[in-house]
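The entries follow in the order I made them.

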Amino acid sequence: MSIVIGDTPRTAPPPPEPAVPGRNYINETSGFWSWALTVDHKRIGILYLVSITAFFLVGGIAAGLVRANLLTPNGAILTEDQYNKAFTAHGVVMLFLFLIPSIPAVFGNFLVPLMIGAKDLAFPKLNLASWYVFMIGAAFMVWGLLAGGIDTGWTLYPPYSSRYSHSSVAPGVFGVFITGFSSIMTGLNIMVTIHKMRAPGMTWGRLPLFIWAMYATSFIQLLGTPVVAITLVLLLVERLAGVGIFDPSIGGDPVLYQHLFWFYSHPAVYIMIVPGMGVISEVLTCFSRKNIFGYKAVAWSSVGIAVVGFLVWAHHMFVAGISYYSALLFSFLTMLVAVPSAIKVFNWVATLYRGSITFQAPMMFTLAFLVLFTVGGVTGLFLATMGTDIHLHDTYFVVAHFHFVMVGGMVLAYLAGIHFWWPKMTGRMYSDFWSKTSATVIFVGFFFTFVPQFVLGYHGMPRRYPNYPEEFQVYNVLSTAGASILGVGYLMPAVYLTLSLFYGPKASANPWSATGLEWQVPSPPTVFNFEYLPITVCGPYEYAIGVDQMGRGLPEPPGMSDDNPASRLGLSGPAGAQAKETEVVG
Amino acid sequence: MSASTHHDTVLKHHFDNLEQQRSAERLGMWFFLVTEVLFFSGMFVAYTVYRNWYPGEFAFASQHLILWIAGLNTGLLITSSLTMTLAIRSAQLGDTAGLIRRLLITFALGAGFMGFKAFEYSTDYHEKFVPGEMFRTEYDSAVKELAPVSAAAVKDYKFTGGQEHWSQDLAKINHGKTPGSEGTVSPERVQLFLCFYYIMTAIHGVHIVVGLGCILWLVCEAYRGAVPAAGYSKVEVVSLYWHLVDMIWLFLMPLLYLIGSRGGH
Ligand code: HEM
Ligand SMILES: [Cu+2]
């Protein structure tokens, strides 16, 4: 995609000393404080990676409890009260502590500067602060979840949450409020960086689609998060002071809370999926060795989602007592928001068409994403249709729908991203065999877990109930069995990726022969990313030209040099992909 | 960076030049202000809904807030925006003494705002004009006091206004009428307005305090010579924030204090 030219004059001179060979952002400095006080966007990305992995585990355990309890019609292991707390813990942790920060905070931090040719994000200290704020918020939430638990569900509807719940709502809500600020900080940083810090030649039309996706996501974070923040403040005041604006006894309206809450929380589902869509565009093009089909359509559909996503919130309230006409309007608008998502899916499929597809782990996760996200999106339309939603609302159908998009979609995109950029982030290759196995196991486990839930929901099993009629048991057992498979699938990457840090073969700068700027710096990158100013001369996915023919001006230290057979042999395009396959060592 | 000119101490390593750095800082602050606007917008939306539903109660409660404090505070904040802007000018000219002076005046005006605000809160509290239990008991006792008075005598009451008479005024208006009927003012919904009044002004106050902190920080920076002319954007960024907080007050003030005509109902 770009040529790196040495010594182009710039107002600020390149770093005075040339980088010491073998030095990179990981080993440049060491010790606890060098990480705890780092302002390097790459290290902060790693801090987030470690934290959210831990939270994913916590949320996963809560999910395990919920699924295990549903094995028998009357609750297998938990009391009803504990059950409420378990599903709330699962929802709150997974949404606020895993999904929302996942790709934006990990890959957004790590990759945005690398992809646009910048030395860092615009505000490095703010970036570090965002991580601390996130951890402080998380601490409050964990406190709430451990000391007494929270039993309101992640949506925290008053008046139950404000007046009647005897659980630790206040610290939990306060924690969510605080983590919101970290989300805003990350979004703001990324947005300013994209506007102001692009390297020469990196025009808007040449931005990688991941950057477009991050831009759209940041837009939602900036506009949505403050609204939920104030909503939670109002809720908190009401709970602590005993009087507040959602309190029906003084003329307040709890439905207003739902409006304000969903004004953020519907767009928030796009905070969760749009970055994933960005990852998919990167991985898909690389492993089909093709330019993206319809670059502009894919880029603008991210923006379209970000904008239209703000107009559909009341589809969560069709049965909450909103007027017939607004329900009609929101039903229609919700259908509209599916259009940009569909545009993306069609363009991805068209990109695959006649591509030279290779099935390395990142690509397997990506293909799984395509299937599962499509199912999730289509079932969203069932729910968007007001008539059917009255039947399906608050049933397991909704649960299955959003897990298809959030878990089948975003979590798989996240895993695709991890497997794609792991060599760049850590400098190591992971096991080829185990990563492919994990992708397969996750895909199968996912289907077993959530397809039965569609059936359950269609037959009327409500969500958030600890017990159910006998005849639903077979589906619940199937679902729990699937969840166990899924759990194993998730544990596998944790093991082989960790092992790769110690035993994995060293990764070259560009193990996948990908075109992005981030692949033109060593793996792992040096502290300032680029020793020389990168200049971009063409679009981001010129796989047809071939990586080698675009020139790779970056001098690499001996031993780290590019040993991609494709470029050594002067091969380009599809041959590159096949040749590199041998590189992923098992 | 090795060189020791002002430019290089101001320029951070990851920017190419000062212009890029400045425009990034400015843009960052503008984006932040967008989030602030949306943060307050949640309350403004809720306010709009309820005021639309309960105009009488909102007007009644508004009449009983302390107008002169709000007016005075408005003057203080507007003036402080002026001195803040003048401070940018000083910074651009490299006039550190002038910068510090103007920042300190801004600080004093902002602190004055908070002082009067605190006085207002304490008076409100003293008069039990606070939603919740206190409000209820105060209102109930006013109703009890008024109970023996005949409806005819209460009818041509002189509306007193001012927050020390709120419970008597409210009791008089509702005297002898069935709750919820035409012309009554529901004490519950008056409390709803008060929720808005307290929450909105308190959150605005928190913003003022944060702004005061930033101004003090600027003063310290200027004092130790860290705000050279080339680095004036620090001042500019803080001033953007300060103006927004000022502007939010310009919306709060009429919406809270001026929606009921004073001296009549
Ligand atoms: C493709 C377009 C989509 C459409 C048309 C759509 C439609 C809907 C509708 C109408 C509901 C409300 C159902 C009900 O409560 O009765 C819903 C719920 C939900 N959707 Fe979607 N959706 C779409 C995409 C997504 C995406 C991409 C995500 C997340 C990444 C998502 C996450 C959720 C969640 C979390 C809920 C349930 C919230 C709750 O009640 O707890 N949806 N969706
Ligand atoms: Cu939604």
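Before sorting residues by class I wrote down the rule: Ala, Val, Leu, Ile, Met, Phe, Trp, Tyr, Cys and Pro count as nonpolar, Asp, Glu, Lys and Arg as charged, and the others, Gly among them, as polar. I also noted that this is a predicted model.

Entry on the shell of ligand 1. I found 20 residues surrounding ligand 1. Sorted by class, they are 11 nonpolar, 7 polar and 2 charged residues. The closest are Trp154(A), Asp389(A), His393(A), His401(A) and Arg463(A).

Entry on the helices. I looked up which helices of chain A supply at least two residues each to this shell, and they are α8 (254–288), α11 (361–384) and α13 (396–426). The largest share, 5 residues, comes from α13(A).

Entry on polar atoms at ligand 1. For Asp389(A), I read 2.5 Å between a side-chain N or O atom and an oxygen atom of ligand 1. For His393(A), the corresponding value is 2.6 Å. For Trp154(A), a polar side-chain atom lies 3.0 Å from an oxygen atom of the ligand.

Entry on the copper ion. Which residues coordinate the copper ion (ligand 2)? I found His266(A) through ND1, and His315(A) and His316(A) through NE2, at 1.9 to 2.0 Å. Their spacing in sequence is H-x48-H-H. The copper ion is 4.5 Å from the iron atom of ligand 1.

Entry on accessibility. Is His315(A) buried or exposed? I noted His315(A) as buried because its relative accessibility is 12%, and the cut-off for buried is under 20%. His316(A), at 23%, is partly exposed.

Definitions and conventions:
Residues are numbered from 1 along each chain as its sequence is written. Chains are lettered from A and ligands numbered from 1 in the order in which they are written. This is a predicted model: local features need pLDDT of at least 70, side-chain atom pairs count only at pLDDT 80 or more; totals for chains, interfaces and linings use all residues. Side-chain values use heavy atoms; hydrogens and water are left out. Donors are N, O and S atoms within 2.8 Å of the metal (3.2 Å for Na, K and Ca); water is not among the atoms, so sites may look incomplete. Buried means under 20% relative accessible area, exposed over 50%, partly exposed in between (1.4 Å probe, protein chains only). A residue is near a molecule or strand if one of its heavy atoms lies within 4 Å of it. A polar contact is a pair of N or O atoms within 3.5 Å; within protein, one must be able to donate a hydrogen and the other to accept it, and residues adjacent in sequence count only if both atoms are side-chain atoms. Helices (H or I, at least four residues) and strands (E, at least two) are DSSP runs, numbered from the N terminus.
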